[in-house]
Every structure is written in C-alpha cells, then in structure tokens.
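These are my notebook entries on one structure. I set down what I looked up, topic by topic.

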Amino acid sequence: ADAITILGLESSCDDTAAAVVRRDGQGAHILSSVVYGQTELHSAFGGVVPEIAARAHAEKIDLCVTEALERAGLALADVDAVAVTAGPGLIGGVLAGVMCAKGIAAATGLPLVGVNHLAGHALTPRLTDGVGFPYLILLVSGGHCQYLIAKGPEEFTRLGGTIDDAPGEAFDKAARLLGLPQPGGPSVEVEAKMGDPRHFRFPRPLLDRDDCNLSFSGLKTALLRTRDQIVAEKGGLTRADRADLCAGFQQAIVDVLAEKTRRALRIYLAENPADPVLAVAGGVAANGAIRAGLETVCTEMGVRFTAPPLKLCTDNAAMIAYAGIERFAKGERDDLTLMARPRWPL
Ligand code: KG4
Ligand code: ZN
C-alpha cells in the first residue's frame, strides 16, 4: 500500500496537541507527537474551565503544529492531509482546532479530515499494536466510559456504558473529597497501594443487572458518607484511613469493570472473532489495578489483552492523525464546511 502521512490536531478537552503519523507497508509510525497539557491552568478551580481551556488552545495550537512538523523533520508540503478532532468535546476547544486545520487546508490545498475524538481513542490499539477488526474496546477516561465492538474505522457497536459519571470523573471527585491533588486517578492509585481494600466496603453498582451498563456516582456518595462518618467519630482522617478509603474505592471500580468486561466479552465472543482481543484506552487505562483486573478476566476467557502505552491512552494527537489515516485511506475527506460538533456519539 502507498504510504500515507497525516498531520493531526487535538484540542477537545484540556490538552492541546499535534502529531505526524505515517502508515506504510510496515505499519503505522508516530513521527512526532506534541502535547501541551493545561492541568496547572485549571488546578485552582477543581475541574476544566471551558473558557480558560478555549483560550489556551487558541494560544498554543499553532505552536503545537510547528513543533510537530519540526520534530518529524517535515514541512506541510510533505503531508497528505490534515486531520482534526471535530468533536465531541468542549465547543471552544474543538473550534480552536477545527479553525486551525481549516486555515492550513485553505492556505495549502491539503485535504481536511474530521475525526471523532472517541474513534481516535478506540482505534489506538491499531496504531500501537496493529490489532485487526473486530476487537472489543473499553474506553475509560475522565469523560467517557463505554464498551464498543470495533468492526471498522467508522463502524462501532456500543454494548453499554456509564449511565452517570465516567470512572475518571469518579476518581477525580474522590480525590477532591479526600484532599488529594488533581488529576485524581493517579493520586488515588498511589494512596490505594498503601491501603487495605477490605477495611471499608463500597457498593458494586449495577452488578445485579445483566447488561454492560455501569454507574459510578453512587460510589462517590458512599465515599462521602464514609468519610463524614470517620470524621464525626474521630475528628479527622488519618493517613491510614485515607489509604484504606482509596483502596476500597478503587477496588470497587476494579471489580465492577472486571465483571462488566466479562459480560461484554461474552457478547463479543458470540460473534466468533478469529483472534479475540480486548483493548483498553482512555486516561483511566493508566491504572495498574484496573489493568490487572482486566488482564485476569482475559486470561480466564482466552482473550488477548492489549493496552496502549500510557501517553497514548490519554489525550494526544497521534491517535487523531491515525484515525485520519484510516478515513483518508477509505477515500473520505471533509471540506471547509467541516463543523465542530460538541456532541457526537460514535
Ligand atoms: O483520557 P483522558 O486524559 O481525558 C479524558 O477524560 O478524555 O483521561 C483523564 C482521566 C482523569 O479523570 C484522570 O483522573 C484519569 O483519567 N486517570 C486515572 C489514572 N490516570 C489518569 N484514573 C485512574 N488511575 C490512574 N492511574
Ligand atoms: Zn479523550
């Protein structure tokens, strides 16, 4: 197959990113991947502030593009197309990326390819591991949680997902409740390593329901209640209390994800895939305990488990460039009427 080289742009949440990815006969290669995070800008507010995010994206996106091309050792004339996240996400951020990509396309005549951010995450196992369709993918991030059977670059069957919070959101809220730094996932994981997951018992929501839907908001309420109970009894939380709370909270999420994954795998395996694979993507896939729980289920069920390297699990533009390559290879293009879509289900 002819090589395809694409410049990708991502700005849908709180990372401004650009990357150059090439796919040739040997596979996909990330030639460069630049990510400017905004965590510090939002840290005082306990969450991503859309207006601050949009301004920071608008300020940084050109720089990201320049750096990505420079590190790849390429000029715009060397790429075949510009791919950009067109949604879902915060409208101001998505617009910053879409406008920049349109500007490049208008100025150079390069084709424009709009990419769904979730498709970017969902196709990452193909970029990193060359996984073939169909595979089951669990998307777990700060904003998303769903099981998809990936059947083609733009063909996904959704088996279920969260009915309220995403797990990353739950980790972030848990950290806030316990006075731990944001983003909450990594800080809760560090604390959990020092705690006893059986000391405090947390609910396992929706396990009584025989589907692939999940719920995490009750878990956060349970954590709040247990914390307040300890504070009422002892006047405050000890280091050990905090570690035990984190361990119990994380274990509940691990258990729920493991059991729902078992159910999703049963549905997927019923379709008799030749080389069954469970892939995981999204920021929460960075969690070691969650990865281990999923790996155990896969071993149990004779399914290969794959997780992209951490920096490709969290938001980045390499996954957008790669998803762009898959669309471009199918002959699909957008034009300058491409719209930013804050809501865009797969
Ligand atoms: O995919 P991502 O970078 O952004 C989107 O939400 O799209 O995911 C960020 C989320 C945050 O909620 C963060 O707390 C969570 O991923 N996260 C983790 C870990 N590292 C990041 N959650 C649990 N354990 C971790 N080690
Ligand atoms: Zn994301």
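**Domains.** I looked up the distance between the C-alpha centres of domain 1 and domain 2 and found 27 Å. The assignment for the protein chain gives domain 1 as 4-128 + 313-329 and domain 2 as 131-311; such bounds come from an automatic or database domain assignment. I note that this is a predicted model, in which local features need pLDDT of at least 70 and side-chain atom pairs count only at pLDDT 80 or more, while totals for chains, interfaces and linings use all residues. Residues are numbered from 1 along each chain as its sequence is written, and chains are lettered from A and ligands numbered from 1 in the order in which they are written.

**Domain contact.** I found 18 residues of domain 1 in contact with 26 residues of domain 2, where contact requires C-beta atoms, placed from the backbone, within 7 Å. On the domain 1 side, the elements that give two or more residues are α4 (117-129) and α11 (318-329). Helices are DSSP runs of H or I of at least four residues, and strands are runs of E of at least two, numbered from the N terminus. The most comes from α4, with nine residues. By class, I recorded seven nonpolar, eight polar and three charged residues on this side; Ala, Val, Leu, Ile, Met, Phe, Trp, Tyr, Cys and Pro count as nonpolar, Asp, Glu, Lys and Arg as charged, and the others, Gly among them, as polar.

**Ligand 1.** I found 20 residues around ligand 1, the closest being Gly-142, Gly-168, Gly-185, Gly-283 and Asn-287; a residue is near if its C-beta atom, placed from the backbone, lies within 6 Å. The shell holds six nonpolar, 10 polar and four charged residues.

**α5 and α6.** The axes of α5 and α6 come within 7 Å and cross at roughly 65°; axes are lines fitted to C-alpha atoms, for helices over the stretch in contact, with angles from 0 to 180 degrees between N-to-C directions. That makes α5 roughly perpendicular to α6, the term for angles of 65 to 115 degrees. I read the crossing as left-handed, meaning that the near helix is turned anticlockwise from the far one by less than a right angle. Among the contact residues are Gly-168 of α5 and Gly-185 of α6. The contact has four nonpolar, four polar and three charged residues.

**α5 and α7.** I found α5 and α7 (residues 217-234) packed at about 15°, with axes 10 Å apart. That makes α5 roughly parallel to α7, a term for angles under 35 degrees. Their crossing is right-handed. The contact is made by Ala-170, Lys-173, Ala-174 and Leu-177 of α5 with Leu-219, Lys-220, Leu-223, Leu-224 and Arg-227 of α7. I counted six nonpolar, no polar and three charged residues there.

**Backbone.** Most residues other than glycine have a negative phi, and most peptide bonds are trans. I noted a cis bond between Gly-87 and Pro-88, with omega about -10°; Pro-88 lies in the loop between β4 (81-87) and α3 (91-108). The bond from Gln-182 to Pro-183 is also cis, with omega near -10°, and Pro-183 sits in the loop between α5 and α6. Leu-206, not a glycine, has a positive phi of about 70° and is placed in the loop between α6 and α7.

Methods:
Parallel < 35°, antiparallel > 145°, perpendicular 65-115°, else oblique. Contact = placed C-beta atoms within 7 Å.
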